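Hello,

Here is the structure I promised to pass on to you.

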Amino acid sequence: MRRPFKAAAPVKEGPRANSEIRAPRVQLIDFDGSNRGVVAIQEALQIAEDKGLDLVEISPNAEPPVCKITDLGKLKYQSQKKAAEARKNQKVVEIKEIKMRPNIDTHDYETKMKAVRRFFDEGDKVKLTLRFRGREMAHMELGMALLNRVREEVATIAKVEAEPKLEGRQMMMVLAPR
(Lines give C-alpha, C1' and ligand atoms only; values in the text may rest on other atoms or scores of the structure.)
Protein backbone atom coordinates (compact mmCIF):
# COMPACT_ATOMS: atom_id res chain seq x y z
CA MET A 1 0.00 0.00 0.00
CA ARG A 2 1.35 3.41 -0.98
CA ARG A 3 1.48 6.05 1.71
CA PRO A 4 0.62 9.63 0.79
CA PHE A 5 3.49 12.11 0.63
CA LYS A 6 3.90 14.02 3.86
CA ALA A 7 5.83 17.24 3.51
CA ALA A 8 8.26 18.29 6.22
CA ALA A 9 7.17 20.98 8.64
CA PRO A 10 8.08 24.43 7.34
CA VAL A 11 11.19 25.89 8.94
CA LYS A 12 10.65 29.45 10.13
CA GLU A 13 13.37 31.92 9.28
CA GLY A 14 14.40 34.77 11.50
CA PRO A 15 14.15 35.28 15.27
CA ARG A 16 11.32 33.93 17.42
CA ALA A 17 8.74 36.52 18.40
CA ASN A 18 5.86 36.95 20.87
CA SER A 19 4.18 33.61 21.72
CA GLU A 20 6.95 31.56 20.00
CA ILE A 21 9.41 32.41 22.81
CA ARG A 22 9.63 29.37 25.11
CA ALA A 23 11.69 30.63 28.06
CA PRO A 24 9.81 31.35 31.33
CA ARG A 25 11.99 34.41 32.12
CA VAL A 26 13.82 36.76 29.73
CA GLN A 27 16.33 39.59 29.86
CA LEU A 28 14.23 42.48 28.52
CA ILE A 29 15.54 45.38 26.44
CA ASP A 30 13.00 48.17 26.06
CA PHE A 31 12.09 49.74 22.68
CA ASP A 32 14.39 52.70 23.39
CA GLY A 33 17.37 50.42 24.15
CA SER A 34 17.33 50.59 27.97
CA ASN A 35 17.76 47.36 29.95
CA ARG A 36 14.71 46.39 32.03
CA GLY A 37 16.42 43.37 33.65
CA VAL A 38 15.08 39.82 34.01
CA VAL A 39 11.27 39.64 33.81
CA ALA A 40 8.66 36.91 33.39
CA ILE A 41 7.66 36.17 29.78
CA GLN A 42 3.99 37.11 30.44
CA GLU A 43 5.02 40.50 31.81
CA ALA A 44 7.34 41.12 28.84
CA LEU A 45 4.59 40.18 26.37
CA GLN A 46 2.16 42.51 28.17
CA ILE A 47 4.62 45.45 28.03
CA ALA A 48 5.17 44.84 24.30
CA GLU A 49 1.44 44.62 23.64
CA ASP A 50 0.78 47.84 25.57
CA LYS A 51 3.29 49.67 23.36
CA GLY A 52 1.79 48.10 20.20
CA LEU A 53 5.09 46.39 19.33
CA ASP A 54 6.48 42.84 19.26
CA LEU A 55 8.68 40.96 21.71
CA VAL A 56 11.58 39.61 19.63
CA GLU A 57 14.19 37.12 20.82
CA ILE A 58 17.57 38.71 20.02
CA SER A 59 19.95 36.26 21.69
CA PRO A 60 18.26 32.87 22.22
CA ASN A 61 21.40 31.10 23.55
CA ALA A 62 22.00 33.51 26.43
CA GLU A 63 20.94 32.61 29.96
CA PRO A 64 18.22 33.93 30.29
CA PRO A 65 17.43 34.68 26.58
CA VAL A 66 17.67 38.35 25.61
CA CYS A 67 14.46 39.80 24.14
CA LYS A 68 13.81 43.26 22.78
CA ILE A 69 10.59 45.18 22.33
CA THR A 70 10.60 46.29 18.68
CA ASP A 71 8.59 46.21 15.46
CA LEU A 72 9.15 42.76 13.91
CA GLY A 73 8.29 43.89 10.38
CA LYS A 74 10.80 46.73 10.59
CA LEU A 75 13.48 44.38 11.96
CA LYS A 76 12.95 41.90 9.09
CA TYR A 77 13.03 44.72 6.53
CA GLN A 78 16.32 46.07 7.92
CA SER A 79 17.92 42.61 7.89
CA GLN A 80 16.82 42.11 4.27
CA LYS A 81 18.34 45.47 3.32
CA LYS A 82 21.60 44.57 5.10
CA ALA A 83 21.78 41.20 3.30
CA ALA A 84 21.10 42.84 -0.09
CA GLU A 85 23.84 45.41 0.57
CA ALA A 86 26.30 42.64 1.49
CA ARG A 87 25.44 40.72 -1.71
CA LYS A 88 25.87 43.86 -3.79
CA ASN A 89 29.33 44.55 -2.39
CA GLN A 90 30.78 41.05 -2.75
CA LYS A 91 33.02 40.23 -5.71
CA VAL A 92 32.93 36.80 -7.32
CA VAL A 93 36.48 35.79 -8.24
CA GLU A 94 36.59 34.23 -11.67
CA ILE A 95 39.36 32.14 -13.19
CA LYS A 96 40.35 33.52 -16.59
CA GLU A 97 42.32 31.26 -18.90
CA ILE A 98 45.18 32.34 -21.14
CA LYS A 99 46.35 29.78 -23.71
CA MET A 100 49.86 29.91 -25.13
CA ARG A 101 52.23 27.76 -27.15
CA PRO A 102 55.85 27.11 -26.06
CA ASN A 103 57.35 28.87 -29.12
CA ILE A 104 55.20 32.02 -28.82
CA ASP A 105 56.47 35.14 -30.60
CA THR A 106 57.48 38.20 -28.55
CA HIS A 107 54.59 40.46 -29.65
CA ASP A 108 52.03 37.72 -29.06
CA TYR A 109 53.56 37.12 -25.63
CA GLU A 110 53.36 40.83 -24.75
CA THR A 111 49.69 40.96 -25.84
CA LYS A 112 48.87 37.94 -23.65
CA MET A 113 50.74 39.49 -20.70
CA LYS A 114 48.76 42.72 -21.12
CA ALA A 115 45.56 40.66 -20.80
CA VAL A 116 46.98 38.86 -17.73
CA ARG A 117 47.71 42.18 -16.02
CA ARG A 118 44.20 43.46 -16.84
CA PHE A 119 42.68 40.31 -15.28
CA PHE A 120 44.71 40.87 -12.10
CA ASP A 121 43.56 44.52 -11.97
CA GLU A 122 39.94 43.27 -12.09
CA GLY A 123 40.70 40.91 -9.17
CA ASP A 124 40.44 37.65 -11.13
CA LYS A 125 42.70 34.60 -11.03
CA VAL A 126 44.54 33.55 -14.18
CA LYS A 127 45.10 30.01 -15.40
CA LEU A 128 47.97 29.83 -17.89
CA THR A 129 47.75 26.84 -20.23
CA LEU A 130 50.61 25.81 -22.51
CA ARG A 131 49.65 23.33 -25.21
CA PHE A 132 52.34 21.12 -26.71
CA ARG A 133 51.87 19.65 -30.18
CA GLY A 134 53.93 17.16 -32.12
CA ARG A 135 57.67 17.46 -31.58
CA GLU A 136 57.19 20.19 -28.97
CA MET A 137 56.58 17.33 -26.49
CA ALA A 138 60.31 16.59 -26.66
CA HIS A 139 61.13 20.10 -25.34
CA MET A 140 59.16 20.47 -22.10
CA GLU A 141 61.93 22.69 -20.74
CA LEU A 142 60.89 25.45 -23.20
CA GLY A 143 57.39 25.45 -21.72
CA MET A 144 58.73 25.47 -18.18
CA ALA A 145 61.05 28.37 -19.05
CA LEU A 146 58.10 30.31 -20.51
CA LEU A 147 55.96 29.78 -17.38
CA ASN A 148 58.89 30.81 -15.16
CA ARG A 149 59.31 33.96 -17.28
CA VAL A 150 55.61 34.80 -16.76
CA ARG A 151 55.96 34.13 -13.02
CA GLU A 152 58.92 36.52 -12.72
CA GLU A 153 57.18 39.27 -14.72
CA VAL A 154 54.05 39.28 -12.55
CA ALA A 155 55.78 38.52 -9.23
CA THR A 156 55.00 42.00 -7.89
CA ILE A 157 51.26 41.84 -8.61
CA ALA A 158 50.49 38.11 -8.37
CA LYS A 159 51.41 34.98 -6.49
CA VAL A 160 51.53 31.40 -7.75
CA GLU A 161 48.51 29.46 -6.49
CA ALA A 162 49.20 26.22 -8.38
CA GLU A 163 52.72 25.35 -9.49
CA PRO A 164 53.25 24.42 -13.16
CA LYS A 165 52.21 20.82 -13.78
CA LEU A 166 51.97 18.66 -16.85
CA GLU A 167 48.66 17.00 -17.71
CA GLY A 168 48.89 15.05 -20.94
CA ARG A 169 49.91 17.50 -23.67
CA GLN A 170 49.19 20.60 -21.55
CA MET A 171 51.19 22.38 -18.87
CA MET A 172 49.16 24.53 -16.47
CA MET A 173 49.86 27.12 -13.78
CA VAL A 174 47.36 29.20 -11.76
CA LEU A 175 48.18 32.72 -10.57
CA ALA A 176 46.17 34.79 -8.09
CA PRO A 177 46.34 38.57 -7.52
CA ARG A 178 48.14 39.76 -4.37
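Which strands does helix 4 lie across? Helix 4, residues 140-153, lies across strand 5, strand 6, strand 7 and strand 8, and runs at about 5° to strand 8. Before going further, please keep in mind that this is a predicted model.

Let me start with the two parts of the chain. The domain assignment gives domain 1 at residues 18-81 and domain 2 at residues 95-177. Taken over C-alpha atoms, the centres of domain 1 and domain 2 are 58 Å apart.

**Domain 2**

An unreviewed UniProt entry places the feature "domain: Translation initiation factor 3 C-terminal" at residues 93-177. That span is 35% helix and 36% strand, and its end C-alpha atoms lie 10 Å apart.

Four strands make up an open sheet with mixed pairing, in the order 5-6-8-7. Strand 5 (95-100) and strand 7 (158-167) stand at the edges with a single partner strand each, so one side of each has no neighbour in the sheet. On average, neighbouring strands of this sheet are turned by 20° against each other, direction ignored.

As a reminder, strands of a sheet pair through backbone hydrogen bonds, either parallel or antiparallel. Strand 6 (residues 125-131) and strand 8 (residues 170-177) are an antiparallel pair, joined over six bridges. To find one spot in this pairing, go to leucine 128: its bridge partner in strand 8 is methionine 173.

**Helix 1**

Next, turn to helix 1, residues 41-51. Which of its residues are buried? They are Ile41, Ala44, Ile47 and Ala48. Seen down the axis of helix 1, these buried residues fall within an arc of 125°, so they line one face of the helix. On the other side of helix 1, Gln42, Glu49 and Asp50 are exposed.

What do the buried residues of helix 1 pack against? Their partners are strand 1 (25-29), strand 2 (35-40), strand 3 (54-59) and strand 4 (66-70). Just after helix 1 you will come to glycine 52, which takes a positive phi of about 80°.

Enjoy exploring, and write back with any questions.

Best wishes

How values were computed. Residues are numbered from 1 along each chain as its sequence is written. This is a predicted model: local features need pLDDT of at least 70, side-chain atom pairs count only at pLDDT 80 or more; totals for chains, interfaces and linings use all residues. Side-chain values use heavy atoms; hydrogens and water are left out. UniProt positions are given in the numbering used here, feature names are shortened, and annotations may be inferred rather than shown by experiment. Helices (H or I, at least four residues) and strands (E, at least two) are DSSP runs, numbered from the N terminus. Two strands pair if DSSP finds at least two bridges between them. Axes are lines fitted to C-alpha atoms, for helices over the stretch in contact, and angles run from 0 to 180 degrees between N-to-C directions. Contact means heavy atoms within 4.5 Å. Domain bounds come from an automatic or database domain assignment. Buried means under 20% relative accessible area, exposed over 50%, partly exposed in between (1.4 Å probe, protein chains only). The arc is that of the directions from the helix axis to the C-beta atoms.
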